[in-house]
Amino acid sequence: MGDRMLIRGGRPLSGAITAQGAKNAALPVMASALLLRGRRLTLERVPDLKDIHTMANLLRHLGAGIEFENGRMTIDVPDDLKWETPAELVRKMRASSLVLGPLVARCGKAVLPLPGGCAIGSRPIDFHLRGLARMGAEIDLEQGSVHARTSGLSATRISLDFPSVGATENMLMTAALTPGESVIENAAREPEISNLAQALRAMGTYVEGDGTGTITIRGSRELGSATVRIIPDRIEASTYLLAALMTRGEVTINDINTEYLAALLSKLDDAGVICDVSPYSVTLRGADQNWRGVTLTTSPYPGFPTDVQPQIMAALCMAEGTSVIHESVFDSRYVHVAEFRRMGGKIDIQGNTVVVIGVSKLIGAEVRASDLRAGAALIIMGLAADGQTEIHELKHIWRGYENLMEKMTSLGADIEIEPGSEIDE
Ligand code: EPZ
């Protein structure tokens, strides 16, 4: 059995922490380095996370040289790259699909094992493949792998059926190395997309409209070395704010662009929770506030982020009144509900909608993390529950939360890791 996290609940969190670099910005920016030939991409404020190391190992497998220390990463890309990606790395992390576009644009071909589904849904990459085909790639599926090749891509207009974050990123990167003007319609608007656009501009690409639904790119055959700073992680920041609320503590998040938190802050306002907000820091005081149940639907940015849905569901388990949550981005992102029920959460799933009836007390229990954000939500539940909570399958949590034990301990949480008997995978 792997390591377990032990949390003894009931202690208010208080203090200040600094937001990490955004995992979901660093991963696509790392992949964009493959567009360079014999040049270097330097990234600053890269979080030290499992997923970052997985992506680094994938890029090394393809031929890149990577140094990573104290948040600073340099990626040196050779003239010749490998274009087949190893299944053991790709299946570990869906974001591996972000190397597909750059490899096809750079090498004229790529082989990528189809990323597996996971606890939050089937997660196909059909939008990515359709976009590449639109630009002139031939796509075949053989033995569970995507085989893509092209004799030359052409700039074009791509309209996405859904504002998919990954598909928008793959199209952005592919178009950056395709001479001519491409337009992505119904593009994702997440801040992480703009961070990738910033990196591409630094490499010499004309990109306009990132952050809106229509992005225009003028690609070229050769891009130059560049340096880019990764934006702060809005999902990590949201997680700690909800932990502060649930423990009735007082927590300040520094070095976070609070514009990214607008949907969460507005929902907290609906619940009767007022935060002190300045452009780059936010303080939530949970001590003297009860919070009301709310109704929320997750949706692509700037809507309420699906990656905060498990965490706010945890907080709503102790709201005064009833909440209704509708998950509209993923086809099944409620695996965490069963674990919340074990801790006393009163939750009813009705199709793709969940009804949460607030209770005044949660009880610590033995639970298991099913995915990254569900794991983070179980920590929030454990911090507020009476007694001890034991969380298993911690590997999911280490994928996305840098220095979590140090940060939680500095905020006063009674939290420790009990080493497991076997090496966790
Ligand atoms: C990114 O995943 C994030 N991951 C996810 O965060 C996040 O939940 C998601 O965007 C939505 O915001 C990274 O950025 C590395 P999508 P991505 O393509 O790009 C369907 C976390 O916890 N879809 O916007 O995979 C898909 O199944 C992770 O950090 C297709 O049907 O998300 C989903 O229902 C979890 N076909 C919806 O679209 C496709 O080709 C949104 O997916 C692509 C997506």
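The 42 positive and 52 negative charges of the protein chain have mean positions that sit 2 Å apart. For this count, Lys and Arg are the positive residues and Asp and Glu the negative ones, with His and the chain ends not counted; each charge is placed at NZ of Lys, CZ of Arg, CG of Asp or CD of Glu. The structure is a predicted model, in which local features need pLDDT of at least 70 and side-chain atom pairs count only at pLDDT 80 or more, while totals for chains, interfaces and linings use all residues. Residues are numbered from 1 along each chain as its sequence is written, and side-chain values use heavy atoms, with hydrogens and water left out.

On to the overall build. The protein chain has 14 helices and 23 strands, taken as DSSP runs numbered from the N terminus (H or I over at least four residues for helices, E over at least two for strands). The C-alpha trace spans about 65 × 45 × 40 Å along its principal axes.

The protein chain exposes about 15900 Å², and carbon and sulfur atoms supply 47% of that; the areas come from the Shrake-Rupley method with a 1.4 Å probe, and for residues only the protein chains shown count as cover. As for who touches whom, contact means heavy atoms within 4.5 Å. Among contacts between residues at least 6 apart in sequence, 72% join residues at least 24 apart.

Next, the cysteines. A search of the whole structure turns up zero disulfides, a disulfide being a pair of cysteine sulfur atoms within 2.5 Å. Cys275 is in no disulfide, and the nearest cysteine sulfur, that of Cys317, is 19 Å away. Seen from Cys317, the closest cysteine sulfur is the one in Cys275, and those 19 Å are too far for a bond. Cys275 counts as buried because its relative accessibility is 14%, and Cys317 is buried too, with a relative accessible area of 0%.

Helix 4, which covers residues 100-107, is mostly covered, with seven of its eight residues buried. The buried ones are Leu100, Gly101, Pro102, Leu103, Val104, Ala105 and Arg106. Just after helix 4 comes Gly108, with a positive phi of about 80°.

Most residues other than glycine have a negative phi, and most peptide bonds are trans. Gln143 is not a glycine, yet its phi is positive, at about 45°. This residue lies in the loop between strand 7 (138-142) and strand 8 (145-149), and Gln143 counts as exposed because its relative accessibility is 79%. Asn186, also not a glycine, has a positive phi of about 60° and lies in the loop between strand 10 (180-185) and helix 7 (191-202). At 33% relative accessibility, Asn186 counts as partly exposed. There is also a cis peptide bond, joining Tyr301 and Pro302, with omega of about 10°. Pro302 belongs to the loop between strand 17 (295-297) and helix 10 (309-316).

Pro179 is in the loop between helix 6 (165-176) and strand 10 and is partly exposed, at 34% relative accessibility. Leaving out residues up to four places away in sequence, Pro179 touches Ala155, Gly219, Ser220 and Arg221. Its C-alpha is 21 Å from that of Ser194, 15 residues apart in sequence.

Thr168 is in helix 6 and is buried, with a relative accessible area of 0%. Not counting residues up to four places away in sequence, Thr168 touches Leu160, Ile184, Ala187, Ala188, Ile193 and Ile215. Thr252, in strand 14 (residues 250-254), counts as buried at 17% relative accessibility. Its contacts, setting aside neighbours within four places in sequence, are Gly15, Ala16, Ile17, Val282 and Thr283. Asp80 is 172 residues from Thr252 along the chain, with 47 Å between their C-alpha atoms.

Conventions
Buried < 20%, exposed > 50% of the residue type's maximum accessible area, 1.4 Å probe, protein only.
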